[in-house]
Amino acid sequence: ADMSRRSGWPVVVRGSGGGAVVHRPGVLNVSLQIGWSDCASWNGPAASYEALLTLLEKACGNIGVVTSAGRAISAYCDGSSNLLFEGKKVAGISAVIRRAENKIGQLVHASITVQGDVAADIAAVSAFERVLGMEVCYSADAMTTLEAAFAACKRN
């Protein structure tokens with residue numbers, strides 16, 4: 001964390017878990033709170049992820065950017081519920097889930113890379129994870145920004 005902070009990338013642990021991600025100007029963080037429901041009827045976070053992804057896909061569609069959900073294998077913090085543009089990760093989804101008695105509450109979170117240098121983001125995450133002893137191999141081809149996606153859609 002000290003090495004990363006000295007490099008201009010402070011490290012903070014987020015309550016929603018997941019792998020290392022970049023939070024900086026140009027990254028929009030959006031959260032969806034899903035109220036308390038009965039534990040017995042809860043099937044895990046997948047439906048919550050889908051609810052947020054559906055809202056994000058609709059918002060992107062409103063500006064002419066067609067997105068989908070899925071994996072971006074060579075992206076950092078890859079998961080099955082990424083927001084993708086042409087197979088490239090634009091946003092990742094995570095969740096905080098709390099139990100109280102027989103109820104479950106959820107806060108689903110998305111970090112949307114709106115603009116900025118994806119290669120610099122990857123370099124920062126890679127450097128941090130390598131210091132932790134992790135073997136990393138991320139590709140700038142696996143990620144993009146919403147700004148780049150919008151520009152590509154305008155050209156077409």
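I began with the largest pocket, whose volume is about 510 Å³. Of its 19 lining residues, I noted P10, V11, V12, V21 and H23 as the closest to the centre. I worked on a predicted model, in which local features need pLDDT of at least 70 and side-chain atom pairs count only at pLDDT 80 or more, while totals for chains, interfaces and linings use all residues. Residues are numbered from 1 along each chain as its sequence is written, and side-chain values use heavy atoms, with hydrogens and water left out.

For the record, a pocket here is an open set of points on a 1 Å grid over the protein atoms alone, where a 1.4 Å probe fits and protein lies on both sides within 12 Å along at least five of seven lines; lining residues have an atom within 4 Å of a point. The volume is the space filled by probe spheres set on the points, which are joined across faces, edges and corners.

I then asked which element gives the largest share of this lining, and found helix 3 (residues 118-131), with three residues; helices are DSSP runs of H or I with at least four residues, strands are runs of E with at least two, and both are numbered from the N terminus. By class, the lining of the largest pocket holds 11 nonpolar, six polar and two charged residues, where Ala, Val, Leu, Ile, Met, Phe, Trp, Tyr, Cys and Pro count as nonpolar, Asp, Glu, Lys and Arg as charged, and the others, Gly among them, as polar.

The second largest pocket holds about 150 Å³ of space, and among its 14 lining residues C77, G79, G92, I93 and S94 lie nearest the centre. Strand 4 (residues 88-100) gives the most to that lining, with three residues, and the classes are four nonpolar, eight polar and two charged.

**Cysteines.** I searched the whole structure for disulfides (cysteine sulfur atoms within 2.5 Å) and found zero. For C137 the nearest cysteine sulfur is that of C77, 17 Å away, and for C153 it is that of C60, 9.3 Å away.

**Aromatic pairs.** I counted one aromatic pair, by the rule that ring centres of Phe, Tyr and Trp (its six-membered ring) lie within 6.5 Å, with planes under 30 degrees apart stacked, over 60 edge-to-face and the rest tilted.
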